[in-house]
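I opened this entry to keep track of what I looked up in the model, one topic at a time. The notes follow the order in which I went through the topics.

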Amino acid sequence: MISALDTASASVLALELDEEDSWFAGGSFTVFNGQNQGRLVKISSDGEHDISYLASGIGFDNSVLSILPLPNRKIIVGGNFKKFNGNVAPKITCLLENGMIDPAFNNSGSNNLVKTAALQTDGKIILGGNFTKYNDLTNNRIVRIFSDGEIDESLKTGDGFNGQVYTLAIQPDQKIIAAGAFTKYNGSTANTSRIVRILSDGTKDPDFNIGLGADGTIESVIIQLDGKILVGGHFKKFNDMPFAGLVRLNQDGSIDASFNIKEGFDKYVYAIALQSNKIIVGGSFLTFNKVSQKRILRLNSDGSLDATFQSGAGFSKGDVRAILVQPDDRILVGGSFSGTYNTIASSRLIRLLPSGLYDNSFVAPSNNMLFAMKFDEDYRLMIGGNFNSVSGISKHRIARLKLCVNTTAWDGISWSNGYPSAGKDVYFKESFPNLTTTNICGCTIEKGKTVTLLENNTLSIEFSYTGEGILVLENSASLYQDDDDIVNTGIVHVKRKTKPIIRFDLTYWSSPVADMKLFDFSPETLFDKYSWYDPIAGWKTNLYGSMTMASGRGYSIRAPQSFSTTERAIFKGVFKGIPNNGKIEVELIAADRFYLVGNPYPCAISADDFLTENEPKTKGALYFWTHNTPPRITIPGTNTYRYTNDDYAVYNLLGGVGTSSALSSGVSNDAPNGTIASGQAFFVKSNVTGFLEFKNSMKVRDKNTSFFRPAPNSQAKSVAEKHRFWLNIKNNDSEFKQILLGYATGASNSLDLNYDAEYLSSGMPLDFYSVIENKKLVIQGRELPFLESDSIAIGYKTTVSDNLKIEIDHKDDFFNDKPIFLIDKKLNKTHDISELPYQFDSEAGTFNDRFSIIYCNTTLRNNISDNLWKDILVSVKNHNIYIDSFAETIKEVVIFDVLGNQLYRKDQLETKRTSIENLFSSHQVLLVKVIFENGKSASKKVIF
């Protein structure tokens, strides 16, 4: 009989029963049982709402069966799904820490479900399931891939398995144990009945002898610390001996005679986990050795029932599908159960105390089956299944839960339970002077005690920072919290250093703590040299620094009066207070106005995330004060010093430009590197009125360096495709200006808020910019795909006649083998600026149409184009793309849609004929770019 469910949101007009005794209900409703359903719903024979059927929403569109956290905080997810967040994800995908698809994970997926995944010590990943193809290549139910999704062809499995692989385990010696429903591996039936051990090259291990193996499907394999192997599943016999549901094997595959379960289980074993020296078993069974044990029990190491495990009546309904034991021996249990556990209501995910009693401190019910559970490296719990709600929050088939799994305390001599690490609540009962990078669950410092986090280290806390002590963050150290709802009560001292400055230098600051006064941060600054910026009236002075720094706002503070006017020194400031966390807003009271804002957190934030989250509230560029050049007297006969606008470094989604030329490392000196350090303030121009937002999702765990002085190779990596180069102009007096030009995903050839940045006009003798739609830009982004026929107008201004030099400062690798030409229209010259700088004489004036950038000599380009297209054919037939080259060898093929999104890329082809099959794309115009071994390329549009 079907159990009661919530009513539909409108009429039910039709009912049908299928061959599996499931009911289909159709009507005018869009919500059923509290879930978006779209007018058709499926209800199983036991009254469960089948939420995998036509359910709408974000997340996965079908079951998640396996979760594999990686050391880089990415997660490999496998299952029976086809899409994630509306994007194609055929049975497998890789998610970033923020829950988005990793665009670097290049795969066409599998043609059937991925049931299990295992990680080798070398970072390679073994996948098992019921697929016969992966990335469009034959791989029967097992494949090894690299972390980017590409197949590792060194694992040669031949014909693979003839039945589904349910579980995988990696031994310490990196041998692979695969188990499931198969009876054959690579054409052989010897020692392959439902379990086999494979060497690293894919050959069957001849030293693993299981005899007749299991007579039914194997669901779970666990390797004990002593190397023995626990095997659970549907079987009744193993090697023709009675072992109903569970057996333990020796390292050579033989049965361990010291493990005796006698009558065993009456039904299936789905999950096994080790708890200290005991064994937790879960499944669909109701009895063990003819004793009532409903769906969960604990065994002693010899296979006998542990009577001290207080599971009582067990689970009244449903199965246990996953078990995970915490470091403190508490037990997480997941599955399809929806009745009670030992008479306590339990819905698919619960936690038990080490004794087996229900842990009422953990409540996270889900509305449908849970198949997989794993801890990531920070001991956050990843769960996957067929649910679309956890704790009443919409989560479609995958979710991450925070929980503390252990505790440790410092008494001044030693730690009570090991050094602080992921998942631990940490208590400091005494001072600790040298804390280094660690991830912990919570942090409490007792009154009068001080804990010091050393420079360039990060303390990540999942929950709150509390206590009456003090946490000192040395310069460039970070306190990282990613939960917006966490409220801190503990005090921090955030130390920040400037680069060397003189007395007249100004620095823009933003407080990472609450209730910090300007004077308290820099008490030796002259009384009238504390300032803030009004977007309407401009700069305003705050006498004596009495103003409290508002979170998210920026302030200008001059160096201490004791500093020299000629000799530079480092200023050291300390922010003291409760660290800011969570969403912080700054009101934009008028459009087209500059606002001085700043990073409000005790860790760095991502400039890209800040710009993206606040689109289109800003003009898309950030302006950072560098005080790269000293102030100068601009009015003769006065004692008034002024700075120049040339000392603003600029950043947008394309990248950053500096105020001085490149270091030997190739990183532009003083150029923003994509992160905004703690304490850093900057200008942003509003596009509309509203509220500028800072969120925890913008935070960066490290890279909290002081005021965008990047170390070599410290630039923030972006997943968006970018191809860029930086141009400088210089005169004989060493005046300098820099611009950035590039091609990026999301940019267009018109004005873009986030990819084009207007330059700030200065009174200096030299200015430099690109021009588009009569706007002068310090940064200009262009659309992808990159076309060699593109051109960019370049302008400059000089107040005196001079000899000038235009040069490439540095460039991305994309342009290493591509010429960049500067066209001098006045002299009718084409100069390869990628080879040598271009020097020229100029009279005083503004010149907006003298120069342009192109990428090939026009005459040469025409000849190349004619020759290439005479000898190449690109055609489309039956939804496949065919490319034939009759002369040059094809090295690489890249396919873009009309928006510039890369749909396909394949390199190292070394062929004259290739085809692209099963390209996932709608009916549209595509751009096919062919790169040849000789470095030349050709692009052609096709209708797909």
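**Charges over rings**

I began with charged side chains over aromatic rings, and found that arginine 321 lies over the face of tyrosine 270, at 3.8 Å from the ring centre. The rule I used asks for NZ of Lys or CZ of Arg within 6 Å of the ring centre and within 35 degrees of the ring normal. Lysine 699 is placed in this way over the face of tyrosine 601, at 4.6 Å from the ring centre.

**Basis of the notes**

I note that this is a predicted model, in which local features need pLDDT of at least 70 and side-chain atom pairs count only at pLDDT 80 or more, while totals for chains, interfaces and linings use all residues. Residues are numbered from 1 along each chain as its sequence is written, and side-chain values use heavy atoms, with hydrogens and water left out.

**Aromatic pairs**

I then searched the whole structure for aromatic pairs, and the search gave 55. One of them joins phenylalanine 235 and phenylalanine 238 in an edge-to-face arrangement, with 6.3 Å centre to centre and 65° between the planes. For this term, rings of Phe, Tyr and Trp (its six-membered ring) pair if their centres lie within 6.5 Å, and planes under 30 degrees apart count as stacked, over 60 as edge-to-face and the rest as tilted. Phenylalanine 235 is buried, at 1% relative accessible area, and phenylalanine 238 is buried at 0%. I took buried as under 20% relative accessible area, exposed as over 50% and partly exposed as in between, with a 1.4 Å probe and protein chains only.

I also looked up tryptophan 509 and phenylalanine 571, which form an edge-to-face pair with 6.1 Å centre to centre and 65° between the planes. Tryptophan 509 lies in strand S50 (residues 506-509) and phenylalanine 571 in the loop between strand S55 (555-558) and strand S56 (572-577), so the pair ties together parts that are 62 residues apart in sequence. Strands here are DSSP runs (E, at least two residues), numbered from the N terminus. Both tryptophan 509 and phenylalanine 571 are buried.

Which residues form one aromatic cluster? I listed Tyr508, Tyr533, Trp539, Phe594, Tyr623, Trp625, Tyr648 and Phe683.

**Disulfide**

How many disulfides does the rule count? I found one, using the rule that two cysteine sulfur atoms lie within 2.5 Å. The disulfide is formed by cysteine 404 and cysteine 441, with their sulfur atoms 1.7 Å apart. The link of cysteine 404 and cysteine 441 is left-handed, with -80° about the S-S bond. Cysteine 404 lies in the loop between strand S38 (398-401) and strand S39 (406-410), and cysteine 441 in the loop between strand S42 (438-440) and strand S43 (442-445), so the pair ties together parts that are 37 residues apart in sequence. Cysteine 404 counts as buried at 18% relative accessibility, and cysteine 441 is buried with a relative accessible area of 1%. I checked two further cysteines for burial: cysteine 94 is buried at 0% relative accessibility, and cysteine 443 is buried at 2%.

**Strand S68 and its partners**

S68 pairs with strand S69 (residues 736-744) in the antiparallel sense over nine bridges; two strands pair if DSSP finds at least two bridges between them. Lysine 730 stands opposite phenylalanine 736 in S69. S68 and S69 form a hairpin with five residues between them, and serine 734 in the turn has a positive phi of about 65°. S68 also pairs with strand S74 (residues 802-811), in the antiparallel sense over six bridges, and here tryptophan 726 stands opposite histidine 810.

**Threonine 675**

Is threonine 675 buried or exposed? I noted that threonine 675, in strand S65 (residues 675-676), is buried, with a relative accessible area of 8%. Its side chain makes a polar contact of 2.9 Å with the side chain of asparagine 673. I counted as a polar contact a pair of N or O atoms within 3.5 Å, where within protein one must be able to donate a hydrogen and the other to accept it, and residues adjacent in sequence count only if both atoms are side-chain atoms.

Note on methods:
Helix = DSSP H or I, 4+ residues; strand = E, 2+ residues; numbered from the N terminus.
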